[in-house]
Amino acid sequence: MGSEDLKESLRGAVIGRDDADYDEARKLYNGMIDKRPLLIARCADVADVITAVNFGRDNGLLIAIRGGGHNGPGLGSCDDGLVIDLSTMKGVRVDPASGTVRAGPGCTSGDVDHATHAFGLAVPFGIVSTTGVAGLTLGGGTGYLTRKYGLTIDNLLEADVVLADGRFMTASKKENPDLFWALRGGGGNFGVVTSFLFQAHPVKMVFAGPIFWDAKHGQAIMRAYRDFLPSAPEELGVFVGLKTVPSMDPFPREAWGKRTCAIIASYNGTEEDGKKAMAPLLDKLPAPFFNWMGVMPFPAMQGLFDPFFPKGLQWYWKGDFVKDLTDEAIDTYIAESAKAPSELSLVHLYPIDGAVHRVGKGETAWRARDATWSMVIAGIDSNPQQAGALTRWGRAYWEAVHKFNPGGAYVNFMMDDEGEARVKASYGDNYPRLAAIKKKYDPANLFRVNQNIQPAA
Ligand SMILES: Cc1cc2nc3c(=O)[nH]c(=O)nc-3n(C[C@H](O)[C@H](O)[C@H](O)COP(=O)(O)OP(=O)(O)OC[C@H]3O[C@@H](n4cnc5c(N)ncnc54)[C@H](O)[C@@H]3O)c2cc1C
């Protein structure tokens with residue numbers, strides 16, 4: 001079958017290098033990544049996905065799977081290969097009786113939040129609404145609802161998958177449980193997921209928003225936050241960040257460009273209860289630049305950062321799982337953050353305690369069930385000439401703080417320069433089982449444009 005046959009067989013468009021929309025179609029969220037695939041198969045349905053997988057495999061093409069296209073190193077695309085682009089497969093169906101939601105693999109978290117909000121429901125996704133549900137879920141998924149309801153994968157009930165040999169399978173705790181286990185954290189290694197079924201939870205209005213302090217208080221804030229977290233109610237999703245106040249509205253002009261330590265929180269409940277939940281932390285701290293916590297619909301909080309992070313910025317990512325945040329580590333984070341090469345560059349520590357710890361290390365592929373935070377260092381700027389500086393800062397920062405951490409990181413916070421040992425460290429004891437399942441479902445490693453799990457020997 002040639003590319004003309006593929007075009008005729010698919011309901012969706014097949015975009016090649018000579019097509020007028022090729023450059024737009026190949027663009028990724030991270031402007032630092034510039035990949036030139038041979039073909040982009042914009043699948044319209046499962047039949048298209050089966051045809052595209054078979055076409056790629058039979059023609060010996062490198063295959064990338066694209067959901068939201070947000071991945072840091074651009075693992076939703078590849079050079080000189082076939083991109084299976086799922087971005088138009090956006091169907092969402094909420095079942096209010098069971099409180100579940102079925103989502104297509106092209107959905108962003110904003111698409112699903114929009115659909116579930118009408119029913120007073122939400123699934124734990126990430127903190128930027130343009131992120132793809134597919135890549136986020138398969139890597140694990142952390143966000144404001146994680147402390148109470150777990151990782152995104154802890155709320156995954158079922159997934160439909162097109163395997164490397166073109167077969168279609170449903171994976172759940174009852175059907176093909178080994179595949180279901182591997183999908184929950186193992187990334188895009190096992191097949192193309194064409195549908196996700198999630199358990200949603202009651203979430204409607206939240207008391208939420210950012211609080212920014214002058215960075216000179218960073219040590220006091222980070223220590224207070226660390227000590228506060230274990231006793232904070234799980235309805236409170238709350239993370240700490242070291243960043244710079246953006247020089248733009250709506251931020252107060254007198255704070256523009258100043259280094260800041262920020263607490264960003266979302267309380268799933270009333271304003272009164274939210275204030276009570278935050279009080280033990282805030283009572284100990286000095287006056288902030290501003291405190292913008294207020295009552296808002298949950299999807300508004302989920303999209304709060306979207307305007308600051310449009311598609312096409314330069315991003316360099318690095319992360320670690322963090323178990324303990326010692327005073328010495330806090331001082332190192334603050335010192336390294338002061339060297340940030342741009343206003344947008346940031347470090348966030350997302351809590352993965354509470355419900356995440358109630359799932360056993362071996363119950364899903366995601367193993368870091370005893371870590372307290374998933375930390376991310378992101379060098380970000382709009383200027384492509386800053387790419388080198390962002391990368392150097394991210395690497396040097398990580399070198400300075402890594403010694404405090406147990407090893408391994410959230411695979412969705414890694415570039416493609418980490419090496420096999422880091423991927424193995426992230427899965428720890430679960431890696432051999434993942435490798436065995438990879439061998440069963442994808443023995444030739446057809447799906448290798450990802451944080452790759454090698455099929456067992
Ligand atoms: C601004 C921003 C904010 C973020 N915030 C968070 C956050 O709060 N919490 C969090 O957990 N993560 C967060 N992330 C990280 C995010 O989870 C990853 O970037 C993730 O890879 C995005 O998924 P995607 O579908 O958009 O990616 P894509 O680039 O489309 O794909 C990424 C990877 O997933 C695989 N994949 C995608 N779709 C499928 C599919 N249907 N079947 C099989 N494999 C597939 C691909 O093989 C590829 O390796 C954020 C990222 C960005 C850029």
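Five strands make up an open sheet, ordered β5-β6-β10-β8-β9, with antiparallel pairing. At its edges are β5 (92–95) and β9 (168–172), each with a single partner strand, so one side of each is left without a neighbour in the sheet. From one strand to the next, the twist averages 15°. The structure is a predicted model, in which local features need pLDDT of at least 70, side-chain atom pairs count only at pLDDT 80 or more, and totals for chains, interfaces and linings use all residues. Residues are numbered from 1 along each chain as its sequence is written, and side-chain values use heavy atoms, with hydrogens and water left out.

**Terms for strands, helices and angles**

- Helices (H or I, at least four residues) and strands (E, at least two) are DSSP runs, numbered from the N terminus.
- Two strands pair if DSSP finds at least two bridges between them.
- Axes are lines fitted to C-alpha atoms, for helices over the stretch in contact, and angles run from 0 to 180 degrees between N-to-C directions.

- β5 is joined to strand β6 (residues 100–103) by four bridges in the antiparallel sense.
- Val94 has Val101 in β6 as its bridge partner.

**Strand β2**

- Leu39 has its place in strand β2 (residues 39–42), and Ile40 lies in strand β2 too.
- Leu39 is buried, with a relative accessible area of 9%; buried means under 20% relative accessible area, exposed over 50% and partly exposed in between (1.4 Å probe, protein chains only).
- Ile40 is buried as well, with a relative accessible area of 1%.
- Not counting residues up to four places away in sequence, Leu39 touches Ser3, Leu6, Val14, Ile15, Gly16, Phe55, Gly81, Leu82 and Val83, where contact means heavy atoms within 4.5 Å.
- With residues up to four places away in sequence again not counted, Ile40 touches Ala13, Val14, Ile15, Tyr22, Ala25, Arg26, Val83 and Asp85.
- Leu39 and Arg17 are 22 residues apart along the chain, and their C-alpha atoms are separated by 7.2 Å.
- Ile40 and Val83 are 43 residues apart along the chain, with 4.7 Å between their C-alpha atoms.

- In β13 (236–244), nine of nine residues are buried.
- In a regular strand the side chains alternate between the two faces of the sheet.
- Leu236, Val238, Val240, Leu242 and Thr244 point one way from β13, while Gly237, Phe239, Gly241 and Lys243 point the other way.
- β13 pairs with strand β14 (residues 259–267) over nine bridges in the antiparallel sense, and Leu242 has Cys261 in β14 as its bridge partner.
- β13 is also joined to β18 by three bridges, and these two strands run antiparallel.
- In β18, Val347 stands opposite Leu242.

- Nine of the nine residues of strand β19 (residues 373–381) are buried.
- One side of β19 carries Trp373, Met375, Ile377, Gly379 and Asp381, and the other carries Ser374, Val376, Ala378 and Ile380.
- β17 and β19 run antiparallel and are joined by nine bridges, with Ala378 in β19 as the bridge partner of Trp317.
- β18 pairs with β19 in the antiparallel sense over six bridges, and Leu349 stands opposite Met375 in β19.

**Helix α13**

- Helix α13 (residues 420–427) has Arg422, Val423, Ser426 and Tyr427 as its buried residues.
- They cover an arc of only 135° around the axis, which puts them on the same side of α13; the arc is that of the directions from the helix axis to the C-beta atoms.
- These buried residues pack against β17 (314–322), α12 (387–401) and α14 (431–441).
- Gly428 follows α13 and has a positive phi, near 50°.

**Cavities**

- The whole structure holds three cavities of 30 Å³ or more.
- On a 1 Å grid over the protein atoms alone, a cavity is a set of points where a 1.4 Å probe fits but cannot get out, and lining residues have an atom within 4 Å of a point.
- Grid points are joined across faces, edges and corners, and a volume is the space filled by probe spheres set on the points.
- The second largest cavity has a volume of about 60 Å³.
- Ile127, Gly143, Tyr144, Gly237, Val238, Phe239, Tyr350 and Pro351 line the second largest cavity.
- β13 and β18 (346–351) are the elements that give two or more residues to this lining, and β13 supplies the largest share, three residues.

Methods. 1 Å grid on protein atoms, 1.4 Å probe; cavity = no way out; pocket = protein on both sides within 12 Å on 5 of 7 lines; lining within 4 Å.
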